[in-house]
Amino acid sequence: MIGKNINKQHHATFESIRQKDENDHEFWRARQLAKVLEYSEYRHFLPVIERAQVACQKSDQSVSDHFEDILEMVDIGSSAKRSLPDVLLSRYACYLIVQNGDPAKPVIANGQTYFAIQTRRQELTDDSRFAELSEDEKRLAIRNELTVHNKELAAAAKDAGVETSLDYAIFQDHGYKGLYGGMGAKDIHARKNLKKSQKILDHMGSAELAANLFRATQTEEKLRRDSVRGKAQANQTHFVVGSKVRQTIEDLGGTMPENLPAPQASIRQLEAAKKKQLKKQD
């Protein structure tokens, strides 16, 4: 499944086993999902469900709202039946299961990317205020969010063993190289014709900022989820996540981040103009 259209493949795969109850509420069956996620036996899938339930609880969500234990009667031949335990899952439960699955499995790794994209896309769709923003307003909103998540990423990287300023610069460079097809921070800086004092992130449009936000959030989650330890492993993790985000953009038919046009005004200029406007209103 690597190198295929992740969005279309996983939409088709996960939606094909979706069911609805008498009240038109969607649900998935754990046994079916286990097969889709290529677990050879259901018993090997049970620990993944348990980890997902713990994650659900830690997110202050009611486990019973998303995981429902049932007994299903199945035919075993000669008109005989026996009960098999199963779990009815919400879409959110499926997301948590994939996030807590074995990332060594390509179907799990790609599923994590798929669900992350869908979750982020839904967040933006649900936020009507965001949809109504101008391009410059979107840039400011995403840049501010990226500032917050970069701090969380730095903390996760530090826990993994990325300690000095130089270590972190190298770590960040690996993420850029993954996302930008081998281009590091200096290469991107030069491509945008920026001065030494100018920051790369301040000279990105909303689409490019969103790609970098996705890279940052997913790397931070993966560093913590996989308990990554050591600078080399942390750097490789950042590169791999950046590469997967790039692959996803390509699969969805998007423009590669290095080919996106640079906006005329920097984030600093937009912030200065916004402050000036606010002063006039006062």
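Predicted model: local features only at pLDDT ≥ 70, side-chain atom pairs only at ≥ 80, totals over all residues.
The protein chain contains 13 helices and four strands. Of its 282 residues, 41% are buried. Confidence in the protein chain averages a pLDDT of 85, and 86% of residues reach 70 or more. Helix H9 has the highest confidence, with a mean of 97, whereas helix H1 (residues 6-16) has the lowest, with a mean of 58. Residues 1-8 have a pLDDT below 50, although this stretch makes 22 contacts in the model beyond near neighbours in sequence.

The largest nonpolar core holds 29 residues, and Phe171, Tyr180, Leu223 and Ala234 touch the most other members. At least two residues of this core come from each of helix H8 (135-160), helix H9 (165-179), helix H11 (206-225) and helix H12 (231-251). A separate second core has 27 residues, including Leu33, Ile49, Cys56 and Ile108. As a general background, nonpolar side chains in soluble globular proteins tend to be buried together. Phe171 shows how the parts of the chain meet: beyond its neighbours within four places in sequence, Phe171 contacts Leu153, Ala157, Val162, Thr219, Leu223, Ala234, Asn235 and His238.

Phe171 is one of the buried residues of H9, together with Asp167, Gln172, Gly175, Tyr176, Gly178 and Leu179. The buried residues of H9 pack against H8, helix H10 (185-191), H11 and H12. The length of H9 can also be checked: at 1.5 Å a residue its 15 residues should span 21 Å, and the end C-alpha atoms are 21 Å apart, so the two values agree. After H9 comes Gly181, with a positive phi near 65°.

H12 passes the corresponding check, because its 21 residues should span 30 Å at 1.5 Å a residue and its end C-alpha atoms are 30 Å apart. Buried residues of H12 include Ala234, Asn235, His238, Val241, Val245, Arg246 and Ile249. H12 is followed by Gly253, whose phi is positive, near 80°.

Several loop residues deserve a look of their own. Ser266 sits in the loop between H12 and helix H13 (267-281). Its relative accessibility is 7%, so Ser266 counts as buried. Leaving out residues up to four places away in sequence, Ser266 touches Arg139, Asp202 and His203. Asp24, in the loop between strand E1 (19-20) and strand E2 (26-29), has a positive phi of about 70° although it is not a glycine. At 52% relative accessibility, Asp24 counts as exposed. Ser227 also has a positive phi, of about 50°, without being a glycine. Ser227 lies in the loop between H11 and H12 and is partly exposed, with a relative accessible area of 46%.

Key:
Residues numbered from 1 in each chain as written. Heavy atoms only, no water. Core = buried A, V, L, I, M, F, W, Y, C linked by side-chain atoms within 4.5 Å. Buried < 20%, exposed > 50% of the residue type's maximum accessible area, 1.4 Å probe, protein only. Contact = heavy atoms within 4.5 Å. Expected span 1.5 Å × (residues − 1). pLDDT = per-residue confidence, 0-100.
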